[in-house]
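This briefing is meant for a reader who is meeting the structure for the first time. Please keep the sequence and the model in view while working through the points below.

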Amino acid sequence: MDRAKISEEVQRFGRSLLLPIAVMAPVGMILGIVNALTQAYLVSKVPLLGNPAIKLFLISVKDSMSIIFSNIPILFAMGVAYGVSRKEKGISVFSSVISYIVLLAGSNVYLKITGTLIKEKELMDKAGQAMVLGIQTVRMDVFGGIISGLIAAKLTDRFYKTELPVAFAFFSGKKLVPILSIFVTSVASFIATPLWMYFTKVLAGMSVILLHPLGPFVNIIMVRLLIPFGLHHTWSALLRFTEAGGVYQIAGKTYVGVLPAANEIIFNLGPNSPEWQMMPKLTRFLAQNQMIDTLFMFPGIAFAMYKTAYKKNKPLVKGILITMVLTAFLGNITEPLEFSFLFISPVLYLMYILIGAASSLALAFMGTAVGYIRGTIFDFIIFGVMYENSKFYNIIIVGVVAMFVSYFTFKWYILKRNLITPGREEEVSDSKLLVEKRYKEIAKIVVEALGGKENIVNVENCISRLRIDLKDKNIINKERLKESGTLGVFFPSKNHIHIVFGPHVEFVRNEVDELL
């Protein structure tokens, strides 16, 4: 497999992690609201919340939503299977669940055969074992889900059309995939279990670096540097769900990674529990850092671009910049604005990274405890303002400073280097296709500009970009592509193009699929 193919496969895997995260985000917001409304300090301020019927309703919602967080590995198994498989995604997802159950059972058998199965419940956590779906197994957590998803995806793409001899014809094709998943995962469990036991020691070694007081600075640099390659979700998952993010003892139970530990404290124990003092250690790798970007730095950067834009272009570029800022402010989608200056000036992007990294470090030293995974205004209100002892005001203090630093730094450097940021082009596209949601016309332009149907090998999308494999990138008409209203175009690898459409991307992709 050549380098370009490997790069594409890694990016595809990174994209697959978005689906379970996308499910966790709204569920987490609902849990955050419900949990805040059931806290004693808020009930004392709003007596209506103490009404038995209202309290029963809130607790019922909380218990229902909590089930999702109890089964995060299954979400990742299904998400990876769906995202990585190219064909028959439905059977891939079905097979991934079977694969995950077999993986747990196989790990249990391995522990029994090797005599390492811990019988005392109170010692299971210390040995890295746990009861999952009623099966005692090594705690692979999200890693186990990812393994199952990859197995199912690869078997689906390879065998969904396989024909068996007539005697076994009933089991041919798609029915063969889940059957093969059972056998392959049975073998894989005996390989993965000892490897994971060793890998946890390696990740624990990484945590020494990442959990250092300067860890938040390193984390933000890594996340932002990986964004152009679409691999930032992979890095974040490492911190959130593995030993690289630390191992935490909370109320007698062991939690691996910063997110499960934070979930337990936020959603179950609450801000008045003794365990809340652990939150600043956890949240320094979570949403509070993103909030500095989306709520403060982005408005500062966008205003700098507007102020440096040519006068004739300001009316048009203002609308574009406002859309970019709101996309991040309301939806946590940062790529449209980031890509507007990343490829124009890597130095400007480096400044952006350093300001954000320094801000995250400041929040950590100030003991900020605003948790969860997204950086929208809604998350700030739910997990910051609504939660006692979150010190949400630190985000405002640091954010305002970061906003002014971003504004003056960007304005100075854009003018100094005469950079062609939005609004500083001699000619600015006045495409209104995205604003007016004319997705069919956009799709037609995209397909034509890429050399027609015959030049397009595969089409995927992530949260903000079309990701398309081409036969020949040399026949692309870049000027025609700009007419689609795209917010940016770049090639992360040979014959693989990313076309940025922000939150409209899924609707554009649907129309492209129709054309193809």
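Is L133 buried, partly exposed or exposed, and what is its relative accessible area? L133 is partly exposed, with a relative accessible area of 47%, where buried means under 20% relative accessible area, exposed over 50% and partly exposed in between, computed with a 1.4 Å probe on protein chains only. The model is a predicted one, in which local features need pLDDT of at least 70 and side-chain atom pairs count only at pLDDT 80 or more, while totals for chains, interfaces and linings use all residues. Residues are numbered from 1 along each chain as its sequence is written, and side-chain values use heavy atoms, with hydrogens and water left out.

**Loop residues**

- L133 is found in the loop between β1 (129–132) and β2 (135–138), and although L133 is not a glycine, its phi is positive, at about 55 degrees. The strands named here are DSSP runs of E with at least two residues, the helices named below are runs of H or I with at least four residues, and both are numbered from the N terminus.
- K391, in the loop between α18 and α19, is a residue other than glycine whose phi is likewise positive, near 55 degrees; at 35% relative accessibility, K391 counts as partly exposed.
- K311 belongs to the loop between α14 and α15 and counts as exposed, at 77% relative accessibility. Although K311 and R424 are 113 residues apart in sequence, their C-alpha atoms are 9.1 Å apart in space.

**Helix α19**

- Helix α19 covers residues 393–417, and its 25 residues should span 36 Å at 1.5 Å a residue, which agrees with the 36 Å between its end C-alpha atoms; the expected span is 1.5 Å times one less than the number of residues.
- The buried residues of α19 are N394, I395, V398, G399, A402, S406, Y407, F410, Y413 and I414. What covers these residues includes α14 (287–308), α16 (335–342), α17 (346–365) and α18 (377–385).
- Just after α19, N418 takes a positive phi of about 50 degrees.

**Helix α14 and its partner α15**

- The axes of α14 and helix α15 (residues 314–331) come within 10 Å and cross at roughly 170 degrees, where axes are lines fitted to C-alpha atoms, for helices over the stretch in contact, and angles run from 0 to 180 degrees between N-to-C directions. That crossing makes α14 roughly antiparallel to α15, a term used for angles over 145 degrees.
- On the side of α14, the contact is made by T294, L295, F298, P299, A302, M305, Y306 and K307, and on the side of α15 by K314, V317, K318, L321, V325, A328 and F329; contact means heavy atoms within 4.5 Å.
- The residues of this contact divide into 11 nonpolar, one polar and three charged, with Ala, Val, Leu, Ile, Met, Phe, Trp, Tyr, Cys and Pro counted as nonpolar, Asp, Glu, Lys and Arg as charged, and the others, Gly among them, as polar.
- F296 also has its place in helix α14 and is buried, with a relative accessible area of 12%. Not counting residues up to four places away in sequence, F296 touches M291, I395, I396, G399, V400 and M403.

**Two buried serines**

- S107 lies in helix α6 (residues 89–113) and counts as buried at 0% relative accessibility. Its side chain makes a polar contact with the side chain of T137 at 3.0 Å and another with the side chain of T193 at 3.4 Å. A polar contact is a pair of N or O atoms within 3.5 Å; within protein, one must be able to donate a hydrogen and the other to accept it, and residues adjacent in sequence count only if both atoms are side-chain atoms.
- S360 lies in helix α17 and is buried, with a relative accessible area of 0%. A polar atom of the side chain of S360 lies 3.4 Å from the backbone oxygen of P216, and, leaving aside neighbours within four places in sequence, S360 is in contact with P216, F217, I220 and N289.

**Strand β8**

- I497 lies in strand β8 (residues 496–500) and is buried, with a relative accessible area of 0%. Leaving aside neighbours within four places in sequence, the contacts of I497 include L450, L466, I468, V489 and F491.

Notes. Angles under 35 degrees count as roughly parallel, over 145 as roughly antiparallel, 65 to 115 as roughly perpendicular and the rest as oblique.
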